[in-house]
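Thanks for coming, everyone. I'll walk you through one structure today. Please have a look at it first.

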Amino acid sequence: MAAFLCAAFFSGCIASQPYVSRERLQRGLVIVLPGIEGRSGFNEAICRGLNDGGVNWAIELYDWTFVLFGPLYNLRNEQGNREKAEWVADRIVRYQVSYPDRPVILVGQSGGGAIAAWVAEALPGGTGIDGIIMLAVSMSPNYMLDDALAKTRLGIISFYSSRDWFLLGLGTTISGTMDGEHTSSAGRIGFELPSEPRRAKTYEKLLEVPWFEKMAKTGHAGGHLTSGAGRFVRRYVAPFVRANRWDQQQVARVLRGEKVDVVPPRPLLRWKPMPQSTTAPTH
């Protein structure tokens, strides 16, 4: 069954998925979701960075884009993008059936960060994933993450940069974000935090990491195209994938370059996701 899943889950494209094997699938799964340009050297570097950073789970680069129609179509096709997210959610459920209690993390760059949130939202009741890491996400700052956060055990980590003014500032103000708002993206200015006590409690699982100058030494100069630089991912992203908890203390340790407590090699304990919010999201 495991061998069949390994072949079916990745559509027989093992040659183009160098970090996918039965052994890796048995440890855990990271799905890397690229930006609106689709699979490219930019997001392949994310996979290499995770592997070089000690992530020995299966690392799949899943291209959710519609290649024939181009980046602008991929940016504005919210209905089609949500359908792709539902398909990824179904694949995750199938993985969890064959590999129960293994960790599952989504890493989304730019538009892929929005897809990651929608994948979490699309997971059926009683299921969930361990966490989401967003790199320069192309999403409006006021997008409600309640449902996505409720489907994660660890939460959401969002890396953002005020230097990303061209594509996530001017660009999304003109062309729109993945959720259709004409504004600077959360990947540039961060997400807006709710003031209502009930929602604020849920948002404690949202950890935002602003760009700072030391990151430039790892190849991320603060702009959009360097947000997935391999050395940056190795230094600042991979430790979170391997960590057994996400909180402000853990963020501080990663930013200082200190070791983190890693996920144990054996299956994780089962957990129950929080109830979904009944408040309608703003799309």
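**A helix, its cap and its surroundings**

Let's start at helix α12. Aspartate 247 caps its N-terminal end, with a side-chain oxygen 3.2 Å from the backbone nitrogen of glutamine 249. Keep in mind that this is a predicted model.

Aspartate 247 has another partner. Its side chain meets that of arginine 245 in a salt bridge, 3.0 Å from N to O. How exposed is aspartate 247? Aspartate 247 is partly exposed, with a relative accessible area of 25%. Arginine 245 is partly exposed too, with a relative accessible area of 25%.

Now the helix itself. α12 covers residues 248-256, and its buried residues are Gln250, Val251, Arg253 and Val254. Seen down the helix axis, these buried residues fall within an arc of 160 degrees, so they line one face of α12. A reminder on helices: there are 3.6 residues a turn in an α-helix, so residues three or four places apart point the same way. On the other side of α12, you find Gln248, Gln249 and Arg256 exposed.

What covers the buried residues of α12? The cover includes β6 (206-210) and α11 (230-242). After α12 comes glycine 257, with a positive phi near 80 degrees.

On to the cores. The largest nonpolar core has 40 residues. Ile92, Met134, Met139 and Leu145 have the most contacts inside it. Several elements give two or more residues to this core, among them β1 (29-33), α5 (78-98) and β4 (129-135). α6 gives the most, with seven residues. Then there is a second, separate core of 35 residues, which includes Val55, Ala238, Trp246 and Val254.

Take a closer look at methionine 134. Beyond its neighbours up to four places away in sequence, methionine 134 touches residues including Gly108, Ala117, Leu145, Ile157 and Phe191.

Last topic: charges. How many salt bridges does a search of the whole structure find? The search finds 13. In one of them, arginine 82 and glutamate 121 meet through their side chains, 3.3 Å from N to O. Arginine 82 lies in α5 and glutamate 121 in α6, so this pair ties together parts that are 39 residues apart in sequence. Glutamate 121 counts as buried, at 18% relative accessibility. Glu78 joins Arg82 and Glu121 in a network of salt bridges.

Glutamate 44 pairs with arginine 39, their closest N and O atoms being 3.1 Å apart. Glutamate 44 is partly exposed at 29% relative accessibility, and arginine 39 is partly exposed at 32%.

Note on methods
Residues are numbered from 1 along each chain as its sequence is written. This is a predicted model: local features need pLDDT of at least 70, side-chain atom pairs count only at pLDDT 80 or more; totals for chains, interfaces and linings use all residues. Side-chain values use heavy atoms; hydrogens and water are left out. A nonpolar core is a set of buried Ala, Val, Leu, Ile, Met, Phe, Trp, Tyr and Cys residues joined through side-chain atoms within 4.5 Å. Buried means under 20% relative accessible area, exposed over 50%, partly exposed in between (1.4 Å probe, protein chains only). Helices (H or I, at least four residues) and strands (E, at least two) are DSSP runs, numbered from the N terminus. Contact means heavy atoms within 4.5 Å. The arc is that of the directions from the helix axis to the C-beta atoms. A polar contact is a pair of N or O atoms within 3.5 Å; within protein, one must be able to donate a hydrogen and the other to accept it, and residues adjacent in sequence count only if both atoms are side-chain atoms. A salt bridge is a side-chain nitrogen of Lys or Arg within 4 Å of a carboxyl oxygen of Asp or Glu.
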